[in-house]
Structure formats: C-alpha cells, structure tokens
Amino acid sequence: MQSFGFDLFVAAGCAAGAPIALAALGGLFTELSGALSVALEGSMLAGAFAAVAATRITGSAALGFAAGLGAGLAIALLVALCAERLGADVFVAGLAANILAPGLVSVVSEAVFKTKGVVVVDAFMRGPQGVMALAKLPVVGPALFGQNAAFYLLALAAALLAFVVGATPLGNRLRAAGERNEAALAAGLDRSRLRIIAHCLAGAAAGLAGASLAAGVGAFVPGMSSGRGWIALVAIYLGGRRPAGVLLASFGFGFLIALASAAQALKGAPAELLLALPYAATAIALIIGRAARGRLT
Amino acid sequence: MNVHGTSPAGRNPLPALAAAICLAAFYALVASSVPGLALRAFFLGPLSSRYAFFSLLGEASPLLLAALGASLAFKAGVFNLGGEGQAALGGLVAALVLGAAASRGLWPPFAIAIALVAAAISSALLACLSAAAERFAGAETLLTSFLFSQAVLLAVDWAVAGPLRDPGSNLLAMPPIPKHYLLPRLAPPSPLDGGALIALGLALAFAFLLGRTRIGYELRLYGANPLFARVQGLSPALAWWPLATSGALHGLAGALLVMGSSGRAVKGLSGGVAWNGIAVALVAGTEPLFTLPASLFFAWLDLGARASALFADLSPDASAIMKAAVLFLVTARPRSKPRGPGRARKTARSRPRAL
Amino acid sequence: MELLAVRGVSKYYAETDTLANHEVSLTLGPGEIRAVVGENGAGKSTLARIVCGLVAQDAGEVLIRGLPLPPGNVRAAERAGIGLVPQHSLLAEGLSVAEAIALGREPRRAGFLLDRRRAYVEAAVLAERFGFQLDPAVAVGALSPALRRQAELMRALARGGEVLVLDEPTALLTEAETAGLFVLLRRLAEAGKAVLYITHRAAEIRSLATSLTVLRLGRVVADRPATGIEDCELAALMANIDACGRSASAENGDGEPPITPHETARAGDAATAPPLLEARDILLDGPGAAPFSFGVHPGEILGIIAHAGNGLDQLEAVAAGLARPRQGAFIVCGRPISACDRGELRSRLLSYVPADREGRGLALAASVADNLLVLERHEFGPRAHALRRLLQTRARELAARGGLSAALSVPAAALSGGNRQRLVLARELDSRRPAAILVDPTQGLDVAAYDRAIASIRALKQSGAAILLLTSSLDELLALADRIGVLYRGALVHLAPKDLRLSGKRLAALMTGLEAA
C-alpha cells in the first residue's frame with residue numbers, strides 16, 4: 001500500500017471482514033439450531049487448502065472454490081455425525097476437527113505437492129473488467145468494485161445464507177430446533193437431522209471463506225486461518241445471534257484488521273503487535289456488550 | 001450458550017485409543033512404500049532405545065502440564081481456551097527473567113526458580129482477566145480466554161521476533177539462555193530435563209489437591225453443579241481458582257518449552273501445546289492422575305510419527321490425524337434411542353427474581 | 001360415536017420408579033368438555049402427553065373415531081386431529097405467532113420460499129373465526145401468559161385439531177383472563193370440538209366441564225357427568241379423604257400418633273420463644289398474590305400446602321435465600337436471609353431439603369460421600385486427607401442415619417430417585433442447625449423410608465428446631481405439621497393450628513379454591 005487513502009482502507013476492511021462474515025453467518029445456523037460451531041476454524045483451513053490444491057491441479061478457480069466448499073463441508077459433516085449420531089460432545093468433536101484440519105492438510109500437501117509449507121497458485125482471477133471501471137468511484141468504489149472475484153463470491157454466498165435464514169422454512173425450523181422446549185418435537189421436526197444440516201451449511205460457508213482467504217493471498221499458507229474461525233464464533237455472540245448483528249461484528253473485526261494493517265505502513269510501527277489489537281478490541285467489545293446486557297435484564 | 005457447569009469428560013477412552021492405533025497402522029500400510037519399516041518405526045521407534053524413551057518423557061512434560069491445566073479447568077466446569085497465549089507468555093517471561101539473571105550473574109538455581117514462578121504468575125494473571133470478565137460482566141470465558149490469548153500470542157511473537165530478537169542469529173528467536181541457567185539435563189544426551197520432574201510432581205500434587213483437600217473438594221463440587229455449590233453456601237470466590245491455576249500451569253508449560261533443550265524463546269514457541277493439552281485432558285477424563293499416561297500416549301504418537309518420517313516415508317504431521325481420531329471418539333456414546341428435548345434439564349419451576 | 005377413546009392405558013417411568021398411569025380409560029364426544037382432575041403426581045400430564053403422542057404408553061391404546069393411534073407418534077396424533085395445549089409451551093420463542101403456528105407445515109411460495117404473508121393471514125383468519133384477541137405478527141417470546149395460551153390453542157386448531165387437550169392452562173392466568181379463556185373454550189365446544197381439560201383447580205370444573213374424570217395415583221377413581229357434583233364430594237375424590245376428614249392412608253397405619261399432652265405443652269412453650277424463621281410481608285409474583293407473614297418457633301413444624309403453580313416454589317426460593325420476593329423479607333434467626341453469609345447459614349443455621357433434588361440438592365457427578373459431607377466440610381480442616389478415615393466414618397454414620405445403603409464412593413447420579421432423596425435427608429436432618437426448610441421431604445420414598453423420614457423429622461422437632469414444611473401432599477402435611485397454612489394463587493389463604501375439626505376435605509377445598517378462607 002504505497003499511498004494510503006480512505007477508500008482503499010474501506011476496501012481493505014471489507015476484504016478482511018468478508019470471509020469472517022461468511023463463516024459467522026454459516027456458524028449462525030449451527031448456533032440457532034442449538035449446537036456449538038467450534039469447527040469453523042478447521043473448516044476454514046481445510047477449505048483454503050482444498051481450494052488452492054484443486055486450482056493448482058485443474059487450473060480452474062471455480063473448481064477450486066467448489067473444492068474449498070466441499071472440504072469445509074466434509075469437516076463439519078464429520079463433527080455433525082460424531083455429535084448427532086455417535087453421541088459425542090459437540091465441543092470436543094469441534095476441537096478434534098480443529099486438530100485434524102492442519103494435520104490432514106500437512107499430510108496431503110506433502111504427499112501431493114512435496115511441501116508442508118506455502119503452496120502458490122496464480123489462477124485466481126480478478127473481478128470482471130466492466131466492474132473494474134466502477135472502482136474509480138470515491139470511497140465506496142474500491143470497496144464495492146475493486147475487490148477480487150472471491151469477494152463477490154462471498155457476498156453472494158452470504159446473501160444466500162441470509163436468505164435461507166430469513167426466507168425459507170429451514171430458517172424457522174432450525175431456530176425451533178435450538179429452542180429449549182419441545183417446539184420442534186411437537187411440530188414433528190427431526191432435531192438431530194436439522195442440526196446435521198446446520199453443521200453442513202456452516203462447514204460449507206467456512207470452507208468457502210477459507211477458499212477466499214487463499215484466493216486473496218494467491219497461495220495456501222499453513223495456519224492461514226489464524227483464529228478467524230474463532231473470531232467468527234465470537235462475532236455470532238457479539239452480534240446477538242442475528243444476521244445483521246453478526247455481519248456488523250464481522251466487518252467490525254475486518255476493519256480493525258485493516259486498521260492494524262494500515263498502521264503498519266507508518267514508519268517504525270510495530271507491525272505484528274498491531275495485529276494483536278483486533279483480538280484485544282473484540283474481547284473488550286464482548287465484555288462491554290455482556291455487561292450492558294446484564295444491566296438491561 | 002450455557003457452557004458453564006458442563007464438563008465434557010471423556011467416558012471410556014480405550015475404544016478411541018484403539019481406533020487411533022488402527023488408523024495409524026492403516027495409514028502406514030496405505031501411504032508408505034515400506035509399510036513394515038514405517039509401522040515398526042511408528043510404534044516401536046519411541047521405545048527403541050534409552051535415548052528415544054527419555055525423549056518421549058521429555059516431550060510429554062510440557063504437554064502434561066498443559067493437560068493438567070486443562071483438566072483442572074474442566075473439572076471445575078470452566079472452559080479455558082486461552083492456553084496457547086498463556087503458554088507463550090510464560091515462555092517469554094521465563095526467557096526474560098533468565099536473560100536478566102544471567103547478565104547479573106545470579107545463582108542459577110535461584111534464577112530458575114524465580115523464572116518458573118514469574119512465568120506461572122504472569123500467565124495466571126492473564127487467565128484471571130477472563131475470570132474477571134465472567135464474574136463482573138458475564139462474558140463467556142470460552143470466548144474471552146481465546147481472544148485475550150490470541151492477542152497475547154501475537155504480541156509475544158512480535159516481541160520475540162522483533163525488539164527482543166537475537167541480532168546475531170537468523171532464527172526468529174531471542175538470544176539463547178546460557179546453559180547453566182537452563183533446567184538440568186537428567187539423562188544426557190537425551191533432551192530429558194528437570195521439567196519432567198516438575199511436571200510429574202505437579203501432576204501428583206494436583207491429584208492430591210483435588211482428591212484429598214478441602215479446596216479440591218469444593219472445586220469438584222463447584223464443577224459438578226454450580227447451582228448446588230451456591231445453595232450449599234460454597235464461596236463464590238471459588239470461581240477464580242480454576243482459571244488462575246489453569247493459567248499458571250500453562251505458563252509453566254511455556255517456561256519448560258523455553259528452559260528445556262531449545263534453550264531460547266522462539267517465535268511460535270507454544271506450538272499447539274495447549275490444544276494438545278486439552279485433548280489429553282479429555283482423553284484422561286479430566287482426572288489429573290490419568291493425564292500422566294494420556295500425555296505419554298500423545299507424545300508417543302508425535303515421536304512415532306516423527307520416527308516414521310525419519311526412517312520411512314511418512315509425514316510427521318500424521319500424528320495430528322490420530323489425535324483427532326481419539327478426540328472425535330472419546331466422548332462418543334452410541335445410543336439406542338433418539339435424543340429427547342436437548343440437554344436442557346427440566347426446571348419447570350418459575351422463580352421470582354434471582355439474586 | 002365418541003371422538004376420542006382411551007382404553008386401559010398404562011405408563012411406568014423406570015427412572016423415577018413411578019407408575020404414572022395404570023389402566024386409564026375415558027371417552028370424549030364432540031362438544032364435550034371433560035375435566036381430568038387429580039392431585040400433583042396423579043398422572044394427569046402423563047395422560048395428556050400419551051394422548052398427544054409425546055409419550056409412548058406401555059400398554060393400552062388411544063383411539064380416534066374408533067381407530068387406534070400408533071403410540072408415541074406426534075405426527076399421527078396430529079393428523080388424527082389431536083391438538084395439545086401443554087403446561088410448558090410448545091411454541092418456538094424466537095418466532096412470530098404466525099410462524100410458530102405454521103412450524104413444520106409452513107405455507108410456501110415457489111415451492112421453497114416461506115410464505116410469511118399467508119401464514120399470517122391464515123392465523124389472522126383463525127383468530128377472527130374463534131374470537132381470539134391476538135396479533136399473529138407478535139413474537140411468541142413477548143406474549144403474556146394469557147395470550148400465550150391463546151396462541152397455543154390457535155396452534156392446535158390450525159393443525160385441524162378436533163380434540164383439544166389442555167394441560168393446566170390457567171396456572172399463570174388472572175381471574176379475568178381465565179374467564180376469557182373459558183368463553184373461548186365453550187365457543188369451541190359449541191363448534192363441535194372436544195376438549196380434554198386437565199386441572200387441579202376444582203373450582204374451574206363447575207364453570208366449564210360437562211364431564212369429569214378423577215385420577216389418583218395413576219388410576220381412574222371416578223368417571224361421571226360434571227353437573228350436580230358437590231364441592232365436598234369432588235375434594236374428597238381428589239384427595240382420597242373419607243367423611244371424617246382424616247387422610248385415608250394415615251388411617252392405614254403410617255399416620256401420626258395421637259397428640260400427647262406433653263407435645264401440646266411443648267407447643268405451648270414454643271409459641272412464647274421468638275420465631276427462628278419468619279416471613280415478613282412477603283409478596284410473591286403472580287396475578288393473585290397478596291403479602292403475608294408468618295413465624296416458625298423452636299420446636300414447631302409449620303406446614304404450608306399448595307398445588308403446583310400457586311407460589312410454593314417461589315416461597316421456597318425466597319425462604320432458602322435464592323431469590324428476593326417482590327417485597328418483604330425472610331428472616332432466619334433474627335437476620336434477613338439476604339444479609340447472611342451463605343456458608344455459615346447453611347452449615348450452622350439452616351437445613352434445606354429442596355424440591356429440585358437434582359439441581360439444588362445434589363451434585364450428581366460427585367460421589368455419595370462428597371454429597372453427604374458438604375455441610376460439614378469445614379469441620380475436618382483444610383487437610384482432610386489426614387483424616388480420611390474420619391471422613392469415611394462420618395459419611396457412613398450419616399448414611400446409616402438416613403437409611404441409605406448405597407456405596408459411598410459411587411457418583412450420586414447412580415442412585416435411584418428414592419435413594420437420592422434419602423441422601424439429601426440424611427445430610428439435612430441434623431439437629432446442629434436450629435432451623436429447617438423441608439420441601440416435599442417424603443416424596444419418592446417407599447413405605448419404610450417414609451416412616452423413617454417422618455420419625456427423623458419429628459425427632460428434629462423434638463430437639464427444638466423450627467421447621468418450615470412446604471408440601472403438596474396432604475398425607476405429609478397431616479402427619480407432620482403443628483400449624484397449617486394454605487397457599488393459593490400466591491396468597492396465604494389460611495393459617496391456623498392443626499385442628500382435627502378442620503378436615504382434610506376442607507383443606508383440599510381451600511387448596512383448589514373451592515372455598516375462600
């Protein structure tokens with residue numbers, strides 16, 4: 001970032017917030033259905049690697065994204081089956097997924113690409129040319145039209161998820177499954193099946209979010225999800241388990257990341273130390289939010 | 001989300017362990033061109049020599065401490081997901097203390113003791129931030145412990161690879177600590193050091209504390225049912241203990257990682273010790289004594305995978321897959337009937353304003 | 001032909017070792033409103049849940065228009081036209097009324113989209129047709145108890161409910177709201193619906209029911225038209241009381257001994273000593289609540305009885321210091337309970353046997369010994385390990401006193417319901433604490449354990465303890481209490497020394513609101 005401008009900052013914030021927002025929206029399904037979405041982190045990492053691997057092998061970014069989505073979903077499905085069919089604790093199974101993902105990625109990466117490190121791919125595409133022209137608009141131009149394809153895909157997926165929560169029977173049914181009373185049972189709904197579906201949606205969303213992370217960098221870097229899955233989980237609670245709030249919290253974190261990155265451009269700024277700030281700020285926001293809620297009730 | 005008071009203790013870990021071993025064998029058979037060699041390296045490598053065996057013990061020590069910290073928190077019904085940051089902070093503090101002590105020429109045993117205590121205290125304070133957030137604002141420890149830890153983790157990495165970095169080395173690490181300020185080696189040339197004794201001692205001490213003392217007794221009751229604890233008049237201050245102790249143990253684990261064979265604080269020094277610690281604690285059913293064999297098992301998986309990578313053509317990271325398999329299955333309990341109305345307990349009684 | 005027939009239905013709960021229903025039979029025709037009455041634990045709710053398919057019966061069958069329903073199948077029961085308005089809401093709190101009603105069978109647009117407008121219109125049409133005053137767009141979580149009942153009724157009707165099963169729907173309703181609900185129900189009956197109305201408020205039966213089934217201990221003890229039934233007859237049927245007003249089971253041998261002059265004298269002394277437990281102007285939550293006061297003196301048992309939903313659980317929480325009343329204070333040994341140090345309160349002053357055994361009274365994951373010794377933990381010093389044998393001895397002593405035969409090292413979760421109760425009693429019935437709050441202390445005990453518990457509670461009283469007994473069982477009350485209070489809709493409608501002339505029948509009438517004090 002040679003010349004730092006406000007519009008570019010907005011664009012960076014959106015780009016950083018989008019994957020978190022998508023994963024958080026996905027995780028919202030699981031949370032609404034009454035289960036914990038601990039495995040977002042693992043799904044994201046698996047998605048990132050699968051996207052890079054598939055793009056490298058097939059040369060098609062579209063297939064890469066599809067693979068990312070599939071990998072995230074597979075991880076979540078594993079958690080869902082362990083929790084809902086084998087009776088495992090969903091928190092523990094989620095942790096297992098988060099331990100599994102990096103190990104599996106490393107093993108596969110070594111087997112396929114003969115490296116445990118960075119896997120570069122250059123087939124990820126930029127946004128369509130027509131759109132690129134609009135990127136010259138002030139403030140919102142770069143944010144809305146100057147992003148790479150991954151961003152638009154995320155926006156699309158996020159819209160789709162929000163739509164599913166808000167406009168289809170599934171959203172209501174998931175919510176009922178998460179209720180403490182027997183509403184779902186009395187309505188003849190299969191709670192366990194609904195939860196599995198919710199896990200899968202969350203995994204797919206997180207996988208796609210991971211793919212877009214990789215697309216943004218143009219490579220897979222081990223550990224590149226770096227806690228974003230957990231942040232997505234925090235965003236769900238910070239956002240009060242409502243889609244709009246979750247989006248707000250996610251992009252809030254995205255902008256904190258963008259702010260930290262932008263501050264790194266300043267001379268003598270402690271680059272990595274600034275990256276710690278978004279986490280601390282989120283923790284403080286969470287505490288303030290909870291304290292305020294406690295005073296209300 | 002109400003995660004307080006539900007302790008996800010593993011039930012019978014043996015089927016899960018067996019599954020992991022089968023998975024390891026299957027992986028070796030499928031992925032290796034020399035399956036026999038790989039299998040032998042994997043399973044027997046860590047036990048093949050005195051050196052290998054002592055390495056196993058050394059490898060298990062920090063893991064044991066982290067697992068103790070995790071199981072103590074679980075036992076009291078608290079989720080501490082901030083172990084990585086707490087371990088990193090402990091490591092950094094130990095390195096700083098020992099560096100300063102060495103430059104002043106302090107008596108080494110004294111310096112080592114100070115370093116360990118300082119590491120434990122600083123990490124305990126970090127963990128207490130989450131306890132305070134829960135106590136005074138009602139923020140979930142599950143989330144705040146992770147967030148605080150992540151911030152600290154990045155800050156420690158920055159410090160280690162930035163202002164505190166050893167300029168004379170191309171590692172992202174602080175300057176090495178002089179040899180005589182490190183924990184003494186117990187069985188040279190193996191990397192087994194005095195940390196193993198510390199870990200073992202603490203495991204026994206905590207088994208004793210939980211099983212045989214009043215504070216341990218109260219902690220167990222608090223973890224088993226916080227409402228019961230309140231009704232029976234147990235002190236609410238108990239809520240501080242699990243996180244403080246858990247943090248301290250993670251800090252010690254980090255200190256061990258720095259004061260052992262590596263002898264310096266490197267970037268990313270915690271290296272997943274806390275996540276693995278949680279897994280070990282769950283496999284051990286959150287019983288302090290059972291964390292001893294469980295941490296040895298996990299260290300064995302790690303060393304076995306490394307040995308099979310060295311002597312055959314397998315990936316050292318395969319151990320993560322085995323660990324995940326154990327963890328996936330350890331809390332499983334196949335049921336015949338579909339689950340009833342969630343885990344919500346029937347508390348149909350209406351209550352007037354709670355205090 | 002009758003709409004609904006229940007034939008010989010039985011249900012046994014192994015976890016709590018209770019036979020909730022035993023060969024229960026009843027019929028219900030169009031336009032009929034059948035009240036099912038009985039005391040707490042008579043098996044009313046279980047019957048309702050079996051009819052609706054929420055619970056599978058062990059034997060017997062439920063028939064709709066002569067066709068048997070598959071047991072434990074909600075969907076089949078619903079398709080056959082059975083709609084439940086349960087005690088605990090079946091509506092998803094997070095949805096709007098219209099959405100919650102439509103859950104599981106949502107109207108759709110384009111095949112997969114939720115048609116919110118149609119769900120709303122359908123609900124509004126239904127509300128209009130039967131005269132509900134309810135906006136279907138409001139969130140369920142925001143409804144008042146009365147509107148929530150209406151929403152539940154609408155849910156049942158929207159699912160084509162011909163047989164409406166209502167399980168104690170008026171528990172949280174005011175008089176006016178109750179009257180409004182009854183108007184609705186009568187209108188529904190006139191429209192040809194059949195209503196199965198479950199209640200323990202006998203007062204409601206006269207104004208609503210056309211027929212009546214009385215359950216006691218899971219069995220049908222009466223099945224008759226509701227017209228012309230006398231209040232006293234009804235109360236007697238429900239409470240198993242004969243003409244002279246003594247509890248029937250008390251006469252079977254496990255009741256109280258005759259009052260001796262010695263005891264009467266003691267009670268006289270006690271009244272002069274200051275009360276150890278005292279309620280001062282306590283106001284509970286609830287539509288009918290009114291402030292009340294009472295005191296419990298040393299060597300005295302004050303028994304307060306009520307059916308569920310009348311505020312006994314609130315009074316328990318207040319008396320145990322776990323909740324604050326809307327106004328007033330509860331005093332233990334001269335100090336407001338909110339000002340007491342809880343640790344000292346429990347180990348030195350106040351024994352407490354809670355109604356919620358598992359939640360408040362036990363740490364199920366901890367061992368039997370750990371549960372037994374929790375109030376005495378300070379007495380063994382910080383290094384109890386040195387005295388491990390002493391601990392074991394003390395735990396064994398407590399267990400023996402309570403007649404608890406389980407191993408001390410197993411988790412409390414492994415105990416049966418009766419043994420859990422014995423464990424709590426063994427811990428709490430100890431004379432070193434001068435005051436006690438006992439809630440349903442003999443519930444779930446077998447005959448031998450019941451006798452032992454009654455004897456221990458009397459012994460505790462003899463030793464000079466002030467005991468507040470909160471109960472829903474007349475047997476327990478009459479066996480133990482020196483003075484008797486009745487709580488009805490959050491108000492203490494009766495408080496007087498036990499008097500054999502005050503018959504159990506009259507108490508039952510007070511409890512069900514048949515008679516004002």
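**Where chain A meets chain C**

Okay, let's start at the interface: 18 residues of chain A are in contact with 24 residues of chain C, contact being heavy atoms within 4.5 Å. Keep in mind that this is a predicted model, where local features need pLDDT of at least 70, side-chain atom pairs count only at pLDDT 80 or more, and totals for chains, interfaces and linings use all residues. Residues are numbered from 1 along each chain as its sequence is written, chains are lettered from A in the order in which they are written, and side-chain values use heavy atoms, with hydrogens and water left out.

So how much area is buried between these two chains? About 1700 Å², with carbon and sulfur atoms giving 53%; that's the accessible area (1.4 Å probe) the two parts lose on being put together, summed over both. On the chain A side, A:Pro169, A:Asn172 and A:Ala186 lose the most, together 29% of what that side buries.

The rule finds one salt bridge across this interface, meaning a side-chain nitrogen of Lys or Arg within 4 Å of a carboxyl oxygen of Asp or Glu. A:Arg173 pairs with C:Glu106 in a salt bridge, and their closest N and O atoms are 2.6 Å apart.

Which elements of chain A give two or more residues to this side? They're α7 (149-167), α8 (169-178) and α9 (183-186), where helices are DSSP runs (H or I, at least four residues), numbered from the N terminus. The largest share, five residues, comes from α8(A).

Last stop, α16(C): 11 of its 12 residues are buried, so this helix is largely enclosed by the rest of the structure. Buried means under 20% relative accessible area (1.4 Å probe, protein chains only). Among the buried ones are C:Leu423, C:Val424 and C:Leu425.

How values were computed. Buried < 20%, exposed > 50% of the residue type's maximum accessible area, 1.4 Å probe, protein only.
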